[in-house]
Amino acid sequence: MQKRAMAWMGVIGLTLAGCVTINIYFPAAAAEKAADKIIDEVWQLKPGAKPAAPPAEPKGEAK
Amino acid sequence: MKQAISLFLVGMLAFTSAALAAADLEINTPAITALKNAMQARYGKLAAYYASGAVGLTRDGNVALRDANAVPLAERQSVNGLVADENRDRAALYREIASANGHPEWEADVRATFAQRWIDKAASGWWVQNASGAWIKK
């Protein structure tokens, strides 16, 4: 029983160590997403970020 | 045994949350927001120089004065200042993103990612550097 519990602890230890290992690699996709978000804001590329077209002025109003 | 199983479940939970946290990079720190706002304000002044080709986007995630002749003499000093300020903020941005995510050693990777995305998103007519460092017009 004691031995089995120890084995499980080993599995858990390895799993947690695996998490740390995974995090060491640079998350390229996430970085690209973050870059796009920041660039869109700096260059105001997203529609709506910049008032490109001001609300239409009332034309030919009824006299 | 029961205890071991519950320990295992806790381990799996930790694994899942670590995997979820890795899905996005942290970019909402005060330092990053401040840099972003400064760069956005500076873009108002730099946009005309990007469009005229005086300033281009380099392959290493910076901006550079590529054609001084495209800038009237009186403006040259201020353009040089804008380029230097922009590059300083960009370097700080890449460094901040890496450290905000607990990996200062990612700075070069962050820079390389941004370099590619700045160039991909550049408007047509702007000048960008290709992989070998030559200037090309988009």
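Which residues in α2(B) meet residues in α3(B)? Before I answer, please keep in mind that this is a predicted model, in which local features need pLDDT of at least 70 and side-chain atom pairs count only at pLDDT 80 or more, while totals for chains, interfaces and linings use all residues. Residues are numbered from 1 along each chain as its sequence is written, and chains are lettered from A in the order in which they are written.

To return to the question, the α2(B) residues include L35(B), M39(B), L46(B) and Y49(B), and they meet α3(B) residues, among them L82(B), D89(B), L93(B) and I97(B), where contact requires C-beta atoms, placed from the backbone, within 7 Å. Helix α2 of chain B (residues 30-52) packs against helix α3 of chain B (residues 76-100) at an angle of about 150 degrees, with the axes 10 Å apart; axes are lines fitted to C-alpha atoms over the stretch in contact, and angles run from 0 to 180 degrees between N-to-C directions. The two helices are therefore roughly antiparallel, a word used for angles over 145 degrees.

Turning to the largest nonpolar core, it has 30 residues, and a core of this kind is a set of buried Ala, Val, Leu, Ile, Met, Phe, Trp, Tyr and Cys residues joined through C-beta atoms within 7 Å, buried meaning that 20 or more other C-beta atoms lie within 10 Å of the residue's own. Its largest share, six residues, comes from α3(B).

Methods. Helix = DSSP H or I, 4+ residues; strand = E, 2+ residues; numbered from the N terminus. Parallel < 35°, antiparallel > 145°, perpendicular 65-115°, else oblique. Contact = placed C-beta atoms within 7 Å. Buried ≥ 20, exposed ≤ 12 C-beta atoms within 10 Å, placed from the backbone.
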